[in-house]
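Colleague: Hi, I'm new to this one. Could you walk me through it?

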Amino acid sequence: MPGTILLGVDVEMANESSANYAQLGLDFLQQESIPATWYVTGQSLQRYPKPFADADRSGLVDIQSHTYSHLLLKTVLIEVPPGCTIHGKKDWYMQPGGTVEQIDADLDRCQKVFQDILGRRALGLTCPWCYYRGLGDRPDLLDIVHKHGFRFLRSFGRNEKDGQPVPMVWQPFFYRAQNFPDVLELFAHDYQDDFYYIAFNNLLDAGTYPEHLRRMAEHVVANNFVWSLATHDHSCDTPEGFAQKTSWLRDLVRYAKGLGIRFLTGSQYYAQRLATRPV
Ligand SMILES: [Zn+2]
């Protein structure tokens, strides 16, 4: 088996960038003949219902949740690598998470928007910013996400310093130890996007990102890994911005297909894992 890529896009800007992404992102997937999962905030979906409902019917896009308001479920505390500047900080950077009550209310609101606009609830959830250990050390939060109907997560997307990259050797797992054996963690592997590749490697630009991604694709093939690959709708408010944001992705998709890597949505992968999990 030559490995699997789960392409996941956070569509979170709730402005022209998100609306453009809904149309141009679908064109991109059609051109490259691959499926993807878009983790859309309730705010983005509510503001631009039609393009997302159209994409949802396309057969290529699996629309899932990125919370209603981009609320963090856990606090992120980044230990900035020596010489780097992360979110403007050179030593530590903290981004606070919401309270349990805020999270419960946010996910409830998000599922109501999904039901209203798409006629169904979301099964997958990407947790804003992602965390070390995902929700593995927060069974109280697993209980909340389970209660709201979420069954696959991208919540584990940082290493032990709350930084990047997230090693591919950490592979998707069910939260069995926490007594949620039907909740699957997909991870967000490597770098969450080009901007974090630049920041955590102290680079001036993302010029070497395509080469890095090609090496990662070879790593996936050699080990038959599942690669949960992430990007965002940032700077996609113009066709030029979209083209720039997807140039490295297009290069990777073509290279990965040439290596025989398969592309699945989060929902497709979850269904496969659920059907084959040991009882
Ligand atoms: Zn996000």
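Modeller: Happy to; we'll take the metal site, the strands, the salt bridges and a few backbone details in turn.
Modeller: This is a predicted model, where local features need pLDDT of at least 70, side-chain atom pairs count only at pLDDT 80 or more, and totals for chains, interfaces and linings use all residues. Residues are numbered from 1 along each chain as its sequence is written, and side-chain values use heavy atoms, with hydrogens and water left out.

Colleague: Thanks! Which protein donors does the zinc ion have?
Modeller: They are Glu-12 (OE), His-66 (NE2) and His-70 (NE2), lying 2.0 to 2.1 Å from the zinc ion. Donors here are N, O and S atoms within 2.8 Å of the metal (3.2 Å for Na, K and Ca); water is not among the atoms, so sites may look incomplete. Along the chain, the zinc donors follow the spacing E-x53-H-x3-H.

Colleague: And where do Glu-12 and His-66 sit?
Modeller: Glu-12 is in the loop between strand S1 (4-11) and helix H1 (16-32), while His-66 is in the loop between strand S3 (61-65) and strand S4 (76-79). They are 54 residues apart, so this pair links distant parts of the chain. Helices (H or I, at least four residues) and strands (E, at least two) are DSSP runs, numbered from the N terminus.

Colleague: Are those two buried or exposed?
Modeller: Both Glu-12 and His-66 are buried. Buried means under 20% relative accessible area, exposed over 50%, and partly exposed in between (1.4 Å probe, protein chains only).

Colleague: What about His-70?
Modeller: His-70 counts as partly exposed, at 23% relative accessibility. His-70 is placed in the loop between S3 and S4, and has a positive phi of about 65° although it is not a glycine.

Colleague: Let's switch to S3. What is Ser-65 in contact with?
Modeller: Ser-65, in strand S3, is buried with a relative accessible area of 0%. Leaving aside neighbours within four places in sequence, its contacts (heavy atoms within 4.5 Å) include Tyr-39, Cys-110, Phe-114 and Phe-150.

Colleague: How many bridges join S4 to S5?
Modeller: Four, and the two strands run antiparallel. Val-76 has Gln-95 as its bridge partner in S5. For strands to pair, DSSP must find at least two bridges between them.

Colleague: Now salt bridges. How many are there in the whole structure?
Modeller: A search finds 17. A salt bridge is a side-chain nitrogen of Lys or Arg within 4 Å of a carboxyl oxygen of Asp or Glu. One of them joins Arg-154 and Asp-10 (2.6 Å, N to O). Arg-154 lies in strand S7 (residues 152-156) and Asp-10 in strand S1, so the pair ties together parts that are 144 residues apart in sequence. Arg-154 and Asp-10 are both buried.

Colleague: Where do Lys-50 and Asp-54 lie?
Modeller: Both are in helix H3 (residues 49-56), four residues apart, about one turn of the helix. Lys-50 is exposed at 57% relative accessible area, and Asp-54 is partly exposed at 30%.

Colleague: What does Asp-137 form a salt bridge with?
Modeller: With Lys-74, the closest N and O atoms being 2.8 Å apart. Asp-137 is in the loop between strand S6 (124-131) and helix H5 (139-147) and Lys-74 in the loop between S3 and S4, so the pair ties together parts that are 63 residues apart in sequence. Asp-137 is partly exposed, with a relative accessible area of 38%, but Lys-74 counts as buried at 9%.

Colleague: Last topic, the backbone. Which peptide bond is cis?
Modeller: The one from Gln-164 to Pro-165, with omega near 5°. Pro-165 is in the loop between S7 and strand S8 (173-175).
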